[in-house]
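Here is a walk through one structure.

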Amino acid sequence: MPVEEPPPDVALGDRSEEEVLAAVLPAFAAVPGVLVGPGDDAAVLDLSPGPVVATTDSMVRGQDWVDAWSTARDVAAKCLTQNLADLAAMGATPTSLLVSIAADPATPLAWLVDFAVELGSRAAARRVGVVGGDLSSASVGTIVVAVTALGRLDGRDPVCRGGAAAGDVVAVRGSLGRSAAGLLLLQRDGAGPDPAYPDLVAAHLRPEAPVVDGVVAADAGATAMIDVSDGLLRDADRVGRASGVLVDLERARLEPFVAALRGAVGDEAALECVLAGGEEHSLLAMFPGPDDVPTGWAVLGTVREGRGVAVDGVVTAPRGWDHFAG
């Protein structure tokens, strides 16, 4: 069923809940395995035998995005990516999503419809079903989007953070620092995207995750894996502490990622973006040896005896995004 674009002057509070849902639900395509989809008390899913992987993430207006830079479609793209990346980091294949939104009744209905259309189209492209959720009102100025994502392991063991061992090779699939560099450009310009570096701005507003490569890494024998969502140092430290090892990154191997950003943000900022920039949603994994690293992954260092994270052997305090730190 096609999605009708509502008039721009119609707010959520101008329609009943049923009318709002009727405007949004056509954006979500049916996918195999969904026996009962959106519109009932709960979804019914036909999941493959074995464990189900579940994750959830939320985004808050003014905290995780600002309307001056991000459209509803940007928010949907980022929200989907951060959830699918978490599943990928466990070696899982995403199957379905539950979406809950709490919004100020003055929020334009068109915002919610745009969000739903983008989320639905991106999910359908990955054969992921949007199978239900919740809609609620919120205080003035508030929009909160929460997504719960489910995935399947297809007989694999989950790849957790705590399996790395001394001697493992550290590798990344995807980019480093591009989202953080895009954010810096937005903050510097204030009014909007820098036309000189649209790819970096896009990397922040609509990050992509190498979702299928989580399964590739699991099949290649990855001992530990994590989604780089809060910064390379912080997330590598999480693996190191969970595994009781030291994740030792080599500065020389980080240089290609730094060089790609230097022209846009300068040398010092480029390095900091690579080391501590969040919302990248690349995959950081450890493999038993160099021959186990899949094609397309970039080796960054080695796992050693110790605990935490280091750069060129020097133990480094983790830094990056933290929801509660100043």
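Does L205 count as buried or exposed? L205 counts as buried, because its relative accessibility is 9%. Buried means under 20% relative accessible area, exposed over 50%, and partly exposed in between, with a 1.4 Å probe and protein chains only.

A word on the source. This is a predicted model, in which local features need pLDDT of at least 70 and side-chain atom pairs count only at pLDDT 80 or more, while totals for chains, interfaces and linings use all residues. Residues are numbered from 1 along each chain as its sequence is written, and side-chain values use heavy atoms, with hydrogens and water left out.

Back to L205. It lies in helix α5, residues 198-205. Helices (H or I, at least four residues) and strands (E, at least two) are DSSP runs, numbered from the N terminus. Leaving aside neighbours within four places in sequence, L205 is in contact (heavy atoms within 4.5 Å) with W69, S70, D74, K78 and L186. A77 sits 128 residues from L205 along the chain, yet their C-alpha atoms are separated by 8.1 Å.

Next, helix α6, residues 212-219. Its buried residues are D213, G214, V215, A217 and A218. They pack against α2 (72-88), β4 (93-103), β7 (169-173), β8 (224-228) and β10 (282-287). After α6 comes G221, with a positive phi near 95°.

Now the pockets. A pocket is an open set of points on a 1 Å grid over the protein atoms alone, where a 1.4 Å probe fits and protein lies on both sides within 12 Å along at least five of seven lines; lining residues have an atom within 4 Å of a point. Grid points are joined across faces, edges and corners, and a volume is the space filled by probe spheres set on the points.

The largest pocket has a volume of about 990 Å³. Its lining has 41 residues, and S229, D230, G278, E279 and W321 lie nearest its centre. The largest share, five residues, comes from α4. By class, the lining divides into 15 nonpolar, 14 polar and 12 charged. Here Ala, Val, Leu, Ile, Met, Phe, Trp, Tyr, Cys and Pro count as nonpolar, Asp, Glu, Lys and Arg as charged, and the others, Gly among them, as polar.

The second largest pocket has a volume of about 440 Å³. Of its 25 lining residues, L21, L25, G132, G133 and D134 are closest to the centre. β5 supplies the largest share, six residues. This lining has 17 nonpolar, four polar and four charged residues.
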